[in-house]
Amino acid sequence: MSGPEGFGLSASGDEAYLFSADAEGRLTGQVHGFAFGAADPGISFGLQSLGSSGQVLVEQIEPTPGYPNRGARVGPVVISEIMYAPEPVGPGVVGEEFIELHNLSNLPVPLSDPTEPALTWRLSEAVDLAFPPGLVLPSQGHIVAVSFDPHQDLGRVLAFRQQYHVREDVPLVGPWRGDLDDGGESLCLLRPAQPRSGGSDGVQRPYLLVEQVSYRSSAPWSIDVNGTGLSLGRLSPHTYADNPENWRAMWPTPGAHDSDGDGLPDDWELANGLSPYSAAGHDGGTGDPDGNGLSNREAYWTDQPAWFGPTQIECAVNPDDPDSMLVAFNASPGRRYRLFSRAGHAGASWELEFDVPPILFAQTVSVSLPRSDVARWYRVQVD
């Protein structure tokens with residue numbers, strides 16, 4: 001805005017405040033405003049509610065002068081899980097802290113400037129970590145930041161992957177400087193801005209705030225995280241980060257998405273016939289759907305299925321009797337199984353071949369049947 005009443009705002013960050021005054025121009029003591037960071041061209045800032053924790057001014061999806069705000073820009077890379085107060089893993093030995101990042105998009109995201117690869121994304125405030133040049137976060141992928149150097153301390157890498165059951169294909173990045181305070185601290189994810197005039201060489205490259213999480217170990221943040229073995233997990237990665245209502249205490253799953261926070265990654269639950277959106281009953285970490293005394297969480301951590309495997313049928317010629325064949329399937333305790341077959345031609349009806357009594361323990365059931373000269377279909381009914 002030009003003229004005697006005009007003002008300007010710096011693209012490298014500034015602050016804006018609105019003061020209340022009476023008719024004579026005397027201040028009444030009421031004030032509302034915020035400081036804000038650097039921005040790329042065409043980016044605006046707008047109010048974002050933090051629930052009971054107040055408001056902040058953050059980057060918007062798009063400028064909407066004179067119209068309601070569209071909402072905070074989120075992603076494509078977000079902070080999705082924070083382990084700031086790990087429980088001890090042995091006498092005098094504290095577990096590892098970590099910060100998980102997640103790519104929400106269907107495209108890979110380079111964590112460095114395309115034109116200047118040495119300018120990389122970074123974590124700041126609570127810890128300081130510049131991501132290595134050339135690091136690319138795959139579509140829908142995760143990386144996990146740690147306090148040690150994964151390239152030098154292979155013993156800690158192995159211990160970390162064992163402690164948190166982290167897959168080998170999940171990259172670990174470190175070391176960071178500093179630590180995550182158990183009482184709470186601010187954690188920022190930053191990326192390099194577009195070049196602009198300024199600086200000693202005529203070019204300025206400030207860092208832009210991608211998102212910030214100012215976690216606490218007291219209400220309204222979850223109070224169940226500090227030293228309990230639980231981490232701070234993000235409820236919705238697509239909504240604004242720095243709101244305590246968007247975080248909950250959860251069993252740690254660095255490098256994997258866990259929608260319901262039960263410590264079971266979504267892909268593992270789906271592969272085992274469990275709901276990734278429910279932590280109750282058979283679907284939760286303490287559930288035991290096959291009744292074998294091993295909880296879902298114990299099954300996941302020991303690389304075993306939640307059920308005694310899916311019910312699959314295998315057919316083969318009986319090696320002891322070429323005129324018969326063996327039909328085998330795996331069965332779980334407390335369930336009843338009936339084996340049916342029918343001829344392979346259209347219109348054939350199903351015939352009961354074998355009725356298995358209720359199963360007392362997980363086992364493979366093998367049924368010997370006469371070998372057929374024509375194609376037949378087999379199915380198992382589970383009650």
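Is D169 buried or exposed? D169 is exposed, with a relative accessible area of 55% (buried means under 20% relative accessible area, exposed over 50%, partly exposed in between, using a 1.4 Å probe and protein chains only). Welcome to this short tour of a predicted model, in which local features need pLDDT of at least 70, side-chain atom pairs count only at pLDDT 80 or more, and totals for chains, interfaces and linings use all residues. Residues are numbered from 1 along each chain as its sequence is written, and side-chain values use heavy atoms, with hydrogens and water left out.

**Salt bridges**

- The structure holds 12 salt bridges (a side-chain nitrogen of Lys or Arg within 4 Å of a carboxyl oxygen of Asp or Glu).
- Side chains of opposite charge can pair when their charged atoms come close.
- D169 has R167 as a salt-bridge partner, at 2.9 Å from N to O, and R167 is partly exposed at 39% relative accessibility.
- Salt bridges with shared partners also tie D22, E24 and R26 into one network.
- Within it, R26 and E24 meet at 3.4 Å, N to O, and E24 is exposed at 57% relative accessibility.
- D128 and R177 form another salt bridge, with their closest N and O atoms 2.4 Å apart.
- This pair links distant parts of the chain, as D128 sits in strand 11 and R177 in strand 15, 49 residues apart.
- D128 is partly exposed, with a relative accessible area of 21%, while R177 is exposed at 58%.

**The sheet**

- Six strands form an open sheet in the order 14-13-8-5-20-21, with mixed pairing (strands are DSSP runs of E, at least two residues, numbered from the N terminus; two of them pair if DSSP finds at least two bridges between them).
- At the edges are strand 14 (172-173) and strand 21 (247-250), each pairing on one side only.
- Strand 5 (residues 77-83) and strand 8 (residues 98-103) run antiparallel and are joined by 6 bridges.
- V78 has H102 in strand 8 as its bridge partner.

**The largest pocket**

- Of the 27 residues lining the largest pocket, V58, E59, L209, V210 and E211 are the closest to its centre (on a 1 Å grid over the protein atoms alone, a pocket is an open set of points where a 1.4 Å probe fits, with protein on both sides within 12 Å along at least five of seven lines; lining residues have an atom within 4 Å of a point).
- Strand 2 (27-36), strand 4 (55-59) and strand 19 (207-216) each give two or more residues to the lining.

Notes. Helices (H or I, at least four residues) and strands (E, at least two) are DSSP runs, numbered from the N terminus.
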